[in-house]
Amino acid sequence: MSEPASISSGIAERYAMAIFEIAQENKSLDKLEAGVDDLSAALSESEDLRDLLHSPIYRRDDQRAAILAVAKKMGLDAVLINALGLMAEKRRLFVLPQLVTRLRALIAEHKGEVTADVVSAKALTKTQTEKLAKTLKERIGKDIKINATVDDALIGGLVVKVGSKMIDTSIRSRLDSLQNAMKEVG
């Protein structure tokens, strides 16, 4: 891991642990989890929000006011709102994506859940997601939270990552295997 990346992950880790522990003491982990999911969605959808986090042109006060306004509008937990304000004051908002990832991991670990990253050629229906979660739970023995994304390049099938295990049933993967086998023959 590069030095700046390890510094960012260290900062995110410290903030995540503090936020998680306070939310746990306040018995507001469910509200924190909903807020983290909302914040993650906002980060992936809003270019303006990402710009606010990374652009050096915003003054600390402006950045703090903006992130607090966004957080309050989203109805985030008070612990998360206060942490975002502090992060803005300290010029640490750039670690927000890592913070979200780490908070999700802490919450999942606390609940005894495992997150499965699922990439599919088209969006999974609710029924498909539930069936996949049930099947994975039977194989792994823990509750599964599905983190689904879409990649048109897969053509069909799924790529499922649970921890260090990966199951690739995509058509793209099968075509690549076939192409390699044909190269070896010819």
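## The β3–β4 hairpin

In the hairpin formed by β3 and β4, two residues lie between the strands, and glycine 163 takes a positive phi near 65 degrees. This description, like everything that follows, concerns a predicted model. Strand β4 covers residues 165–168, and its pairing with β3 is antiparallel, over four bridges. Within this pairing, lysine 161 stands opposite methionine 166 in β4.

## The pairing of β1 with β3

Strand β3 also has a partner in β1. Strand β1 comprises residues 113–120 and strand β3 residues 158–162; the two pair in the antiparallel sense over five bridges. Alanine 116 stands opposite valine 162 of β3 in this arrangement. As a general point, the side chains of a regular strand alternate between the two faces of the sheet.

## Valine 162

Which residues does valine 162 touch, apart from its neighbours within four places in sequence? Its contacts are Val114, Thr115, Ala116, Leu136 and Ile140. Of these, Ala116 is also the residue that stands opposite valine 162 in the strand pairing. A further pair of positions may be noted: valine 162 and lysine 145 are separated by 17 residues in sequence, and their C-alpha atoms are 10.0 Å apart in space.

Helix α5 spans residues 78–89, twelve residues in total. From its first C-alpha to its last it reaches 17 Å, which is close to the 16 Å expected at 1.5 Å a residue. The buried residues of α5 are Val79, Leu80, Ile81, Ala83, Leu84, Gly85, Met87 and Ala88. In general, an α-helix has 3.6 residues a turn, so residues three or four places apart point the same way.

Just after α5, arginine 91 takes a positive phi of about 60 degrees.

## Glutamine 63

Glutamine 63 is located in helix α4, which runs over residues 60–74. Glutamine 63 counts as buried because its relative accessibility is 3%.

What joins the side chain of glutamine 63 to that of arginine 91? The two side chains are joined by a polar contact of 3.1 Å. Neighbours within four places in sequence aside, glutamine 63 is in contact with Leu52, Leu53, Tyr58, Ala88, Arg91 and Leu93. Among these, Ala88 is one of the buried residues of α5, and Arg91 is the residue with the positive phi just after that helix.

Methods. Residues numbered from 1 in each chain as written. Predicted model: local features only at pLDDT ≥ 70, side-chain atom pairs only at ≥ 80, totals over all residues. Heavy atoms only, no water. Expected span 1.5 Å × (residues − 1). Buried < 20%, exposed > 50% of the residue type's maximum accessible area, 1.4 Å probe, protein only. Pairing = 2+ DSSP bridges. Contact = heavy atoms within 4.5 Å. Polar contact = N/O pair within 3.5 Å; in protein donor to acceptor, adjacent residues only side chain to side chain.
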